[in-house]
Every structure is written in C-alpha cells, then in structure tokens.
Amino acid sequence: MIPGGAHTNARGSDQFPEYMTPVIVRGEGARVLDLDGNWLVEYGMGAKAVTLGYGYEPVVRAVSAAAADGPGFSRPSVWELRAAETFLETVPTAEMVKFAKNGSDVTTAAVKLARAHTGRDLVAVCRTQPFFSVDDWFMATTAMPNGIPQAVRDLTVTFAYNDLSSLQALLDEHPGRIAAVVLEQATGTVEPAPGFLEGLRSLADEDGFVLVFDEMITGMRWAAGGAQSVYGVVPDLSTWGKALGNGFSVSALAGRREIMELGGLGTDRSRVFLLSTTHGAETTGLAAYVAVAEAYRERDVVGIMESQGSRLRDAVHDAVAAAGMTDHIPVLGRPSALVFGSKDAEGRPSQAYRTLLLQELMRRGVLGQSLVISAAHTDDDVDATAAAFAEAAAVYAKAVAVGTTDGLLEGRPVAPAIRDLAAPRRLGASS
C-alpha cells in the first residue's frame, strides 16, 4: 500500500535483513517493542531525532497539553513566540528563526533565500556528505535524479569536504554565479580539518555567496547551540530538525536578519515566498521543542550521550577484537553519533557482510543500522549491545574465514537507500 514500504528511504525493508523487518509498536527509553512481542535495544533513535529517549515524559506531557489547547489557529499562537525566544537564546549566532515540519523544507528555503539575496542561480553542495533535501536542487546530484529536468540538474554543482581548493575551483569556473554553499560542518565520522570551516567563511565574505550549515544531525547532538557553537564559525543561514523535538515534527531555518527578512515584512526588496505552511507552526511540535530545550538546560544531555557513546564504542571494540574482527568491523565517529563498518574477507566494504551483522545483532535483541545513542541508553543497554556484538562478530568471523556469507546470511543483502534501480541483488546474483 505504501511505495517503498516506508515513509523514509532509510526505514525501508531493503535496509534490513530480508526476513527480519520488524514493525514497531512502541518505544520506551532506548528500547522498542515490535509487532511480534520482541523488545530490542535500538540505535539510530528515530533517524537521529531522539536524544532524550522514546516516550520521554516531560516532552509527551508538554505536547499533550498543547494539543488539548488546539494544534493550530488562524493567527500565530503563543508557542511560536516561546519557541523563537528559546531558539534564539540557545543559538545566539542566529538573529531570526522560522519553524517548519521537516528538514528538507527549511534547507530548500535556505537555498531560495540565498538565490534571492545574491541574485545568483547556482548552488554548491558537499558531494562527500550523503543527504540535504528531498527536493530537486539536491536530488539532482544523487543516484536518483529520475523525474528531474536537466535544466534543474545543471543548477547544482558539488565540492569535496575538507577541500577548500575544490570549492575555489567551482568559484573560478562559475564566477559570480554561486548563490549558496551548503554542507554539514562535520559528520559522524569526519571532523573538519584545521582551517576548513574558517576558510569557508572567508571565501563567503570574499565572493558573496551565502554560507549554509546543515545542523540536522549536529544540532542538539554536538551541542545545544549546534556545531557552529562547537567550532566557532558563524554561518549566514543554518537549518535544523531531528533532535529539536525528540521525535516530534519540528524544524527550523535560522540566520542573519538581512537575509531572513527577505521572507518577511521588514524589507524594501522583492519579497521571497518563504515557508508559508499550514502546519509549520503546529503547537505540538513547538511545545516539544521548548520542552526539549528545557531538558537540555536541566542536565547535560550532550555530555551524557558523549559519555555513554564512549562507553559503547569501547565495549563494542573489545567485543569485536575478541573475535579478531577489529579490521573488519570498525567503530567510527563522534561518541554521540557512532557508526560501524562492515568489510569482507579482502577488507572491502560489503553490503552482504553488513547484512549478516545486522541479522545476528537482531537475533540477539539489538536493532541498529548504526550505533547512534541517546541519553536514555543505560549501562545495561550498552552491556547487552556489547554481548550481542561479541556473538555476532564470532559468526561474522566464520564468514570472513571462508570468504563468503553464503550459508550464514538468509535472504538478499541490504542495499544503499539512494540508488537507481529498485531491486537489491540477491545472494548469488552475478555482478
């Protein structure tokens, strides 16, 4: 009934072992209950959106109260003011903020503002980072550009992360045409090289393009004030989502007043039709954000994630090392957003071996496409995960020893979420 079987590509059945695609009934803390009655320790936390844990009572209470008073009106609600005040206090590098419901909308709005502000048409995105928007300006650069006119595809160019020279080459190739440079300041596995972000800021000031930082993942995981507060480089615009609402739907576009006001009433320039959405200011999402921000003020949520993430990284590393699989199952990234690799007998990244690992972890009560943690993960959760990795890595070692997952992996391997053809290859299929 649903194209792709899910409403987010990363949640699709092709992302999990073929015969182990659980349907979730509810979550509690760091665990989820599936339709078959299994409780699983979960990582990924709602595609990195949940930092306080599932069913976090203060957020649920705030959302319930806001819903009871009405989800939306024909004039702004008090929640819009409360959320804006809270955000701008938390992110002092921003001068204005506008809320929406998902990350793609606000990132596309940033691109529109940048084009209006500069009068330019090209957008430069970081090609070594996986995702920015479902909209055509970004999807044109991916393996799934079908349905996007060539004229639209030609308006987006790409550069490499931590490589200022690749961006400078674009500026030289397209002088005076690049409206926006869009990137994440860091990823789960790669930190900015010394001088890289500062260099971007300098290039923006010299060339005149709008520097846009995507804080979808880093916002509320690197720090309450985002990665821009960690690395000390101020963007012109930034886009936020995911952890703002601990799983409830709320996103934000923030930045310099001069640019943001092009979508407002305080400009003498041609206005931008910016994020005029029926549900953008739904009270439940804004109440969720205010409650999340309060939780961050009451305790060091990021510090807890960093601490538990470090404990998880070390425990999984030790479990994998005991099976002799350290080189085949590396644990990478910032403690609050860890991922694991999966390499075959020759040391090459392998979807089949990844699927085998996912399969064996799920059999042992761990649901994790990654090791993205929350402040709700307890020591018991981490210990259970390490025990599952120890046993799963032993099975993985058997596959490495014989050079194939055949006989151990049931069904087809998982496949990249963004790919051209629909059907992932089955075991034994020719390459």
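Predicted model: local features only at pLDDT ≥ 70, side-chain atom pairs only at ≥ 80, totals over all residues.
Which strands pair with β3? One is β2 (residues 31–34), which runs antiparallel to β3 and is joined to it by 3 bridges. If you want to find a spot where they meet, look for Val 32, whose bridge partner in β3 is Leu 40. The two strands form a hairpin with 4 residues between them, and in this hairpin Gly 37 takes a positive phi near 90 degrees.

Strand β13 (residues 366–368) pairs with β3 too, but here the sense is parallel, over 3 bridges. To spot this pairing, go to Glu 42 and find its bridge partner in β13, Leu 367.

Now hop over to helix α7, which covers residues 164–173. Which of its residues are buried? They are Ser 166, Leu 167, Leu 170 and Leu 171. When you look down the axis of α7, these buried residues fall within an arc of 145 degrees, so they line one face of the helix. The spacing makes sense once you know a bit about helices: an α-helix has 3.6 residues a turn, so residues three or four places apart point the same way.

What covers that buried side? The cover includes the strands β5 (122–126), β6 (156–159) and β7 (178–183), along with helix α8 (196–207). Turn to the face of α7 that points away from its buried side, and you'll find the exposed residues Asp 172 and Glu 173.

Key
Residues numbered from 1 in each chain as written. Heavy atoms only, no water. Buried < 20%, exposed > 50% of the residue type's maximum accessible area, 1.4 Å probe, protein only. Arc of directions from axis to C-beta. Contact = heavy atoms within 4.5 Å. Pairing = 2+ DSSP bridges.
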